Amino acid sequence: MIVLRAEIVVRIRNDQYDGSMPGKIAAEISQTKPFSCREEEAFLNLARSYEYLLQGLGELFKSSNISTTQYNILRILRGAGEAGLNCTEAAQRMISHDPDITRLLDRLETRNLIVRSRSLTDRRVVMVKIAQGGLHLLAQLDQPLLDLHALQMERLKPEQIEELIGLLELLRP
């Protein structure tokens, strides 16, 4: 069973920021001049927060020897079910696009986490399915990942999480 390592929990909980101090990003990056606009400050906050959240994922996935991109494609393929997806469809569903989907899939296939096969109707199309090993790995990661998300978001009230989701969705076309 995979669990959150104690140092991840300690690192997240030791950051005592309570959300009430404006301009925290300026101090974090040692910004001495004012930002050129609030949009710049918002963007840098978003980028810094993304890196913070991603670091926790990286630490969790390290114990399973997978990257966040590999986890992403395994999650997509699990959701696709028995039918699987063709490589193009799988790549389009990724959260962070990987320009070299073929190499990503090669690494997962080598570890018996996915299975690739040619389409029966069009030999040019490569179908990808999650293998039993991939399902097993994801099952081991499911609860620790939920625990990590809860830990990373514990400073936010449920209504703040809903607001955050709405605001982030407004940013994307």
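Visitor: What percentage of the 173 residues in the chain is buried?
Guide: Buried residues make up 29%, where buried means under 20% relative accessible area with a 1.4 Å probe, counting protein chains only. This is a predicted model, in which local features need pLDDT of at least 70, side-chain atom pairs count only at pLDDT 80 or more, and totals for chains, interfaces and linings use all residues. Residues are numbered from 1 along each chain as its sequence is written, and side-chain values use heavy atoms, leaving out hydrogens and water.

Visitor: How many helices and strands are there?
Guide: The chain has eight helices and three strands. These are DSSP runs numbered from the N terminus: helices are H or I with at least four residues, strands E with at least two. The order from the N terminus is α-α-α-α-β-α-α-β-β-α-α.

Visitor: In what order do the strands sit in the sheet?
Guide: The open sheet runs β1-β3-β2, with antiparallel pairing; two strands pair if DSSP finds at least two bridges between them. The edge strands, β1 and β2, each pair on one side only.

Visitor: How many bridges join β1 to β3?
Guide: Two bridges join β1 (residues 85–86) to β3 (residues 126–130), and Leu85 stands opposite Val128. Strand β2 (residues 114–118) pairs with β3 over five bridges. There, Arg116 stands opposite Val128 and Val115 opposite Lys129.

Visitor: New topic: which strands does helix α6 touch?
Guide: Helix α6 (residues 101–110) packs on the sheet and touches β2 and β3; contact means heavy atoms within 4.5 Å.

Terms used. Buried means under 20% relative accessible area, exposed over 50%, partly exposed in between (1.4 Å probe, protein chains only). Axes are lines fitted to C-alpha atoms, for helices over the stretch in contact, and angles run from 0 to 180 degrees between N-to-C directions.
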